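Thanks for asking me to look this over. My comments are below, in the order in which I would read the model with you.

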Amino acid sequence: MTADIKARDIKIATFNLCNFIEPPSAFYDFENIYTDEQWQKKQQWIVSYLEQYQPDVIGFQEVFSAKALQALVKRADYPYFAVIDKPQPIEDYIYQSPVVAIASKYPIHEVSGVAPTDLAIQLNDASETPFGFSRQPLRATIAVPELGMCDFYVVHFKSKRPMLNDECEPQSTVASNNDERKLNALKSLRHEVLGSWASSCQRGSEAAYLLDAILCRKFENNYPAILMGDFNDDLNTGVLSHLLTHSTRQLSEDENKQFLAGYQLKDSWALFTAGQEINACDAPSISAPFTYYYGARGSRLDYILLSSEFDPNYPENLAEVHGYHVHDKHLINPSYEVDSFSTDHAIVMISLRIRH
């Protein structure tokens with residue numbers, strides 16, 4: 001579902017590049033090296049998207065080759081680019097742990113990583129396991145026309161891939177093939193359950209620590225905030241739902257509205273659909289488009305969240321979500337010739353219309 005996006009709209013996109021790495025470097029394994037033809041094809045696909053949709057600010061995930069990406073977006077008329085971390089080398093030219101980046105048509109005035117606040121550190125000190133982001137979030141303060149300074153956060157939360165290795169492997173004391181197969185099956189189940197839960201805990205902690213940092217930053221400067229990226233989970237359920245927290249039980253309803261209304265993050269899809277003329281009977285059936293597919297099963301992993309300044313119901317509203325576009329043709333109806341080295345995620349782009 002999309003609305004017409006006018007040239008005067010401010011367009012923001014989140015784009016998981018899927019292993020953007022310049023040859024002869026490899027991602028994760030020495031076999032994962034693009035040929036020159038494949039690399040050119042991947043770059044052209046990215047440029048084609050940028051030229052067609054022309055987002056003004058883009059948050060990127062899965063960046064291995066930041067200099068190559070900066071050069072690519074500069075040719076596509078994005079003079080401002082920032083990255084704050086580096087992928088980790090496994091050996092020689094093989095890398096893991098890609099990073100996030102941001103490109104903008106508007107000046108970037110400040111860029112930094114997001115660190116846990118003093119309160120978060122205090123709480124973490126009570127834990128036996130020190131907290132660390134699996135991928136360092138990026139904050140860029142950008143001068144947006146008619147809006148002024150805005151804080152953009154780009155994230156790539158921990159995936160659902162189980163975190164455990166073989167350290168807790170059950171020890172086999174029997175010789176029977178059936179018993180060993182049963183023991184191996186049990187080991188796999190234990191690893192899946194505990195490893196998946198460990199990943200969920202990490203992802204939930206990343207969201208909570210990030211939100212805490214966003215709240216503190218907003219209290220300091222009161223800039224509008226935009227959070228975008230690959231969340232690797234459903235925002236509305238489970239460990240990420242607190243990103244949409246809008247009140248506390250320690251305050252009355254009136255106090256929550258009076259003091260905390262300006263510190264809420266909203267799903268841009270919810271803001272967009274709320275602003276459309278939708279028949280009341282149809283509204284419950286309207287769900288956001290999927291951004292990722294595992295086989296035939298679709299899920300929504302890529303989000304753009306906005307602070308209250310983009311909610312028409314907020315008294316100090318500055319803009320509203322006028323358009324919401326999900327570029328997913330390469331996922332649901334791909335052409336091998338065009339899309340074979342594109343990305344495994346859809347690209348989400350919103351348009352903001354300034355209130356005059």
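The points run from the whole chain to single residues.

1. Ground rules. This is a predicted model, in which local features need pLDDT of at least 70 and side-chain atom pairs count only at pLDDT 80 or more, while totals for chains, interfaces and linings use all residues. Residues are numbered from 1 along each chain as its sequence is written, and side-chain values use heavy atoms, with hydrogens and water left out.

2. Confidence. The protein chain has a mean pLDDT of 87, with 86% of its residues at 70 or more (pLDDT is the predictor's confidence in each residue, from 0 to 100). Please take care with residues 1-5, where pLDDT stays under 50 and the model has 20 contacts beyond four places in sequence (contact means heavy atoms within 4.5 Å). Residues 166-170 also have pLDDT below 50, and this stretch has nine contacts in the model beyond near neighbours in sequence.

3. Overall make-up. The protein chain holds eight helices and 17 strands; these are DSSP runs numbered from the N terminus, with helices being H or I of at least four residues and strands being E of at least two. Of the 356 residues in the chain, 48% are buried. Buried means under 20% relative accessible area, exposed means over 50%, and partly exposed lies in between (1.4 Å probe, protein chains only). Of the contacts between residues at least 6 apart in sequence, 74% join residues at least 24 apart.

4. How H1 and H2 pack. Two packed helices are described by the angle between their axes and the distance between the axes. Here helix H1 (residues 36-53) packs against helix H2 (residues 66-75) at an angle of about 45 degrees, and their axes are 10 Å apart. Axes are lines fitted to C-alpha atoms, for helices over the stretch in contact, and angles run from 0 to 180 degrees between N-to-C directions. H1 and H2 are therefore oblique to each other (under 35 degrees counts as roughly parallel, over 145 as roughly antiparallel, 65 to 115 as roughly perpendicular, and the rest as oblique).

5. Who meets whom. From H1, Trp39, Gln43, Ile46, Val47 and Leu50 meet Ala68, Leu72, Val73 and Arg75 of H2. By class, this contact has seven nonpolar residues, one polar and one charged. In this scheme Ala, Val, Leu, Ile, Met, Phe, Trp, Tyr, Cys and Pro are nonpolar, Asp, Glu, Lys and Arg are charged, and the others, Gly among them, are polar.

6. The loop between S1 and S2. Glu22 sits between strand S1 (10-20) and strand S2 (26-27) and is partly exposed, at 38% relative accessible area. Leaving aside neighbours within four places in sequence, Glu22 touches Trp39, Ser65 and Ala68. Glu22 and Trp39 are 17 residues apart in sequence, with their C-alpha atoms 7.0 Å apart. Pro24 is found in this loop too, and the peptide bond from Pro23 to Pro24 is cis, with omega near 15 degrees. Asp36, in helix H1, has its C-alpha atom 7.3 Å from that of Pro23; Asp36 counts as exposed, at 61%.

7. Two backbone angles to check. Which residues other than glycine have a positive phi? Gln54 has phi near 50 degrees; this residue lies in the loop between H1 and strand S3 (57-63) and is partly exposed at 39%. Asn222 has phi of about 60 degrees, lies in the loop between helix H4 (177-221) and strand S11 (225-230), and is partly exposed at 45%.
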